[in-house]
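Hello,

Here is the structure I promised to pass on. Have a look at it first, and my notes on what turned up follow below.

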Amino acid sequence: MYKAYFKKILDFSIALLGLLILSPLLLFVIIGLTTANNGKPFFFQLRPGKKGRLFNIIKFKTMNDKKDSEGALLPDGERLTKIGIFVRKTSLDEIPQLLNVLKGEMSLIGPRPLLPQYLELYSDFQNRRHEVRPGITGWAQVNGRNAISWEQKFDYDVWYVGHLSFMLDLKIFFLTLKKVLVREGINTENTATTEPFKGN
């Protein structure tokens, strides 16, 4: 009952309330990122959702679009802006995804939606992560986030799919708050963002 009906209703209600409560803070972040990123405060990217269906994820844009002399984007670490670093460390970059939750494309809690080019690299076991709607936070995020290996992430994701419940979602919600407050697992060691998945 929770997985089929109540979870989606709860997602919509909390996402709407969250956007209303956080609107003053979001306005401040939008102004700061608009200035830092030449008028581009948001970042849109195709991600696979439930059953692999693609949708545009919405995040705050924490990196600018500076390029080298050959027209290629500079490394992530060189494109992170000062306000972008703050937004990323406080996980504020994830907040616009509440709009994806309102649209029914995402859940508050579930496996994180990854890049579409990874779809063909998953094993049958790893692909089970798409049996549920992706989430803003999930079991892998509260157990290491970007500081753990891809294999560990997928193991956590599939475990969540098999054990999804209201009490588990509640546990993940409060563990996420703790992670955000202590700022754990934001990046992998010596990198600005996580390393790309290259298959098994």
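The largest cavity is lined by Pro-48, Pro-111, Arg-112, Pro-113, Leu-114, Arg-129, His-130, Val-132 and Pro-134. A cavity here is a set of points, on a 1 Å grid over the protein atoms alone, where a 1.4 Å probe fits but cannot get out, and lining residues have an atom within 4 Å of a point. By class, this lining has six nonpolar, one polar and two charged residues (Ala, Val, Leu, Ile, Met, Phe, Trp, Tyr, Cys and Pro count as nonpolar, Asp, Glu, Lys and Arg as charged, and the others, Gly among them, as polar). The space in the largest cavity is about 30 Å³, a volume being the space filled by probe spheres set on the points, which are joined across faces, edges and corners.

Before you read on: this is a predicted model, in which local features need pLDDT of at least 70 and side-chain atom pairs count only at pLDDT 80 or more, while totals for chains, interfaces and linings use all residues. Residues are numbered from 1 along each chain as its sequence is written, and side-chain values use heavy atoms, with hydrogens and water left out.

Next, the second largest pocket (an open set with protein on both sides within 12 Å along at least five of seven lines) holds about 320 Å³ of space. It has 16 lining residues, and those closest to its centre are Lys-50, Arg-53, Gly-104, Val-132 and Arg-133. H1 gives the largest share of the lining, four residues. The lining divides into five nonpolar, three polar and eight charged residues.

Now to the helices (DSSP runs of H or I, at least four residues, numbered from the N terminus). Helix H1 (residues 2-36) packs against helix H3 (residues 82-89) at an angle of about 140°, and their axes are 9 Å apart. Axes are lines fitted to C-alpha atoms over the stretch in contact, and angles run from 0 to 180 degrees between N-to-C directions. H1 and H3 are therefore oblique to each other (under 35 degrees is roughly parallel, over 145 roughly antiparallel, 65 to 115 roughly perpendicular and the rest oblique). Val-29, Gly-32, Leu-33 and Ala-36 of H1 make the contact with Ile-83, Gly-84 and Val-87 of H3, where contact means heavy atoms within 4.5 Å.

Helix H5 (residues 150-163) and helix H6 (residues 166-182) cross at roughly 140°, their axes coming within 9 Å. In H5, Trp-159, Tyr-160 and His-163 meet Leu-168, Asp-169 and Ile-172 of H6.

Best wishes

Terms used
Helices (H or I, at least four residues) and strands (E, at least two) are DSSP runs, numbered from the N terminus.
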